[in-house]
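Please work through each task before reading its solution.

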Amino acid sequence: MPETAPYRPARFGSAPLLTSVAGLLRAWLPRQRWFAGKGRPVTDMTLVSVTELHPGCLHLLVHAQHGADGPSSGDCYQLLLGVRDVLPPGLVHAFIGRPSEGPLAGLMVYDAFLDPRSTGLLLERLRHPGTAGPLRFECDAQVTVPAGLTPRLLEAEQSNSSLVYGDSYILKVFRRVRAGINPDLEVPWALVRQGCTRVPPPVAWFRTSQPQEATLGVLQPFLPEATDGWTLALQSLTSGRDFTEEAYELGRATAEVHLALAAAFPCDAPTQRRNRRLAAAMIDRLAATSQSVPALLPYAPGLRAAFDALADLDATRPAQRIHGDFHLGQVLRAGRRWFVIDFEGEPARPLAERRRRQSPVRDVAGMLRSFDYAARSRRPWRPAWARRCRDAYCAGYAAEAGWDPRDEPGLLRAYETDRAVYEVLYEARHRPDWLPVPLAAVARLAESDRTPSGSGPPAPSFFHSA
């Protein structure tokens, strides 16, 4: 059967197209891994923009409301919908539904991110800068992306979708769209200008101007021979092989990125007022999480002690741009070299907060927690493995940065505690079977302000594995 004729944007006034797809999307969106409103039905839907990228392929920005609290309770999502009379066998798994009314009545609507033809043409848009309705495609003029690269969708993505083209480039598509430049474009681009080679450089990207400027996707070189840090750590644990050399080099790579970020963006001098604001935000998150996850309540007083101590600190590290969601899954090792990826920050937090200047100790704390996660995920539990990795990582960081994160015990403890609280909420919502992992860290951190008796000051207990 021939493909459908082109659908002109003029035919898509919000109401007509929404008549066709609203019911389908209300059922389909909550089943997607990148849908942010887990456990909450889509109660209302608004079509923000629609652009025909090529005949039978529509780019949509859709605002889905998750509850009864008005538009603020929802999110804007980026979709690529294909429309055909009949789906070929290779696209049956992408089928969304067949509208019964509106301009698409009787046709088959499917997820075009699973369609090699549509995603191949999306790459062509990125290869040739220009505009399509509210969409703008841009690229680094010094890089030539080859034509005809075969696309494939990575299955491991959660909050976004990633397309690999010919094992040469990877396009991250931001499914949940926020107004403003996304840090996953802004930060790597700034690092490249600083000469930092720890980050794959952006070579093309696209954005929208409707209703506000927002980044939609970033194309970067793909590292086909690289393995993520989480996988490498688990391989080390399974085989009984030491991981301290890798952890040390990862610490050096982290410091190298932090130094480049401090040069690329303004920094803020530390003040006690900033520490008090930071501690107050951590206390608020602890209170909210304790209400959502009752298992946290017995530990809340001990955890709060870490935040109260932070509020009393006079001076800490200068605040700067950081990664913001740093763990073993955000780093790749190719040969003997580490690369840092995914600078988007925690997707659940507002974009302005993710772009805020913060202490580099926050990233360090995230990686320390990740070593603990890896150690807890394999039996028998090997706390000594995690302890050696944490120490080696901090030593590597100190060798490159000129200062040791362990020399900031109050700040490091507060950030690690805040991260553990975040993990408790995440696991309770998404992976309840994993909840004992952060709860073990919570129990340790809640007790870490108690100094055991004995001669001489003990090593800070929060450097021991969870």
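**Exercise 1. Backbone exceptions**

Where is the place of Asp167?

Solution. The model is a predicted one, in which local features need pLDDT of at least 70, side-chain atom pairs count only at pLDDT 80 or more, and totals for chains, interfaces and linings use all residues. Residues are numbered from 1 along each chain as its sequence is written, and side-chain values use heavy atoms, with hydrogens and water left out.

Step 1. Asp167 is placed in the loop between β9 (161-165) and β10 (169-173). Helices (H or I, at least four residues) and strands (E, at least two) are DSSP runs, numbered from the N terminus.

Step 2. Although Asp167 is not a glycine, its phi is positive, about 55°. Most residues other than glycine have a negative phi, and most peptide bonds are trans.

Step 3. The relative accessible area of Asp167 is 37%, so this residue is partly exposed. Buried means under 20% relative accessible area, exposed over 50%, and partly exposed in between, with a 1.4 Å probe and protein chains only.

Step 4. Asp342 is another residue other than glycine with a positive phi, near 60°. Asp342 is found in the loop between β16 (337-340) and α8 (351-354), and because its relative accessibility is 23%, Asp342 counts as partly exposed.

**Exercise 2. Cis peptide bonds**

Which residue does a cis peptide bond join to Pro211, and which to Pro380? Locate both prolines.

Solution. 

Step 1. Gln210 is joined to Pro211 by a cis peptide bond with omega of about -5°. Pro211 belongs to the loop between β12 (204-208) and β13 (214-221).

Step 2. Arg379 is joined to Pro380 by a cis peptide bond, here with omega of about 0°. The loop that holds Pro380 runs between α9 (361-376) and α10 (383-401).

**Exercise 3. Domains and cores**

Into which domains is the protein chain divided? Describe their contact and the nonpolar cores.

Solution. 

Step 1. The protein chain is divided into domain 1 (39-221) and domain 2 (227-447), with bounds that come from an automatic or database domain assignment.

Step 2. The C-alpha centres of the two domains, domain 1 and domain 2, lie 30 Å apart. In contact (heavy atoms within 4.5 Å) are 23 residues of domain 1 and 24 residues of domain 2.

Step 3. A nonpolar core is a set of buried Ala, Val, Leu, Ile, Met, Phe, Trp, Tyr and Cys residues joined through side-chain atoms within 4.5 Å. The largest such core has 67 residues, and those with the most contacts inside it are Leu191, Phe371, Trp385 and Tyr393. Each of domain 1 and domain 2 supplies at least three residues to this core. A second, separate core has 32 residues, including Leu87, Leu91, Ala94 and Val203.

Step 4. For Tyr393, neighbours within four places in sequence are left aside; its contacts then include Tyr248, Phe326, Met367 and Phe371.

**Exercise 4. Packing of two helices**

At what angle do helix α11 and helix α12 pack? Identify the residues that meet.

Solution. 

Step 1. Helix α11 (residues 409-430) packs against helix α12 (residues 436-447) at an angle of about 145°, and their axes are 9 Å apart. Axes are lines fitted to C-alpha atoms, for helices over the stretch in contact, and angles run from 0 to 180 degrees between N-to-C directions.

Step 2. The crossing of α11 past α12 is left-handed, that is, the near helix is turned anticlockwise from the far one by less than a right angle.

Step 3. Residues of α11 including Arg413, Ala420 and Val424 meet residues of α12, among them Leu439, Val442 and Leu445.

Step 4. The contact of α11 with α12 has seven nonpolar, one polar and five charged residues. Here Ala, Val, Leu, Ile, Met, Phe, Trp, Tyr, Cys and Pro count as nonpolar, Asp, Glu, Lys and Arg as charged, and the others, Gly among them, as polar.

**Exercise 5. Distances along and across the chain**

Which residues does Glu101 touch, not counting residues up to four places away in sequence?

Solution. 

Step 1. Glu101 lies in the loop between β4 (95-97) and β5 (108-111) and touches Thr19 and Ser20, residues up to four places away in sequence not being counted.

Step 2. Glu101 and Ala269 are 168 residues apart along the chain, and their C-alpha atoms are separated by 59 Å.

Step 3. Glu225, in the loop between β13 and β14 (227-228), is exposed, because its relative accessible area is 70%.
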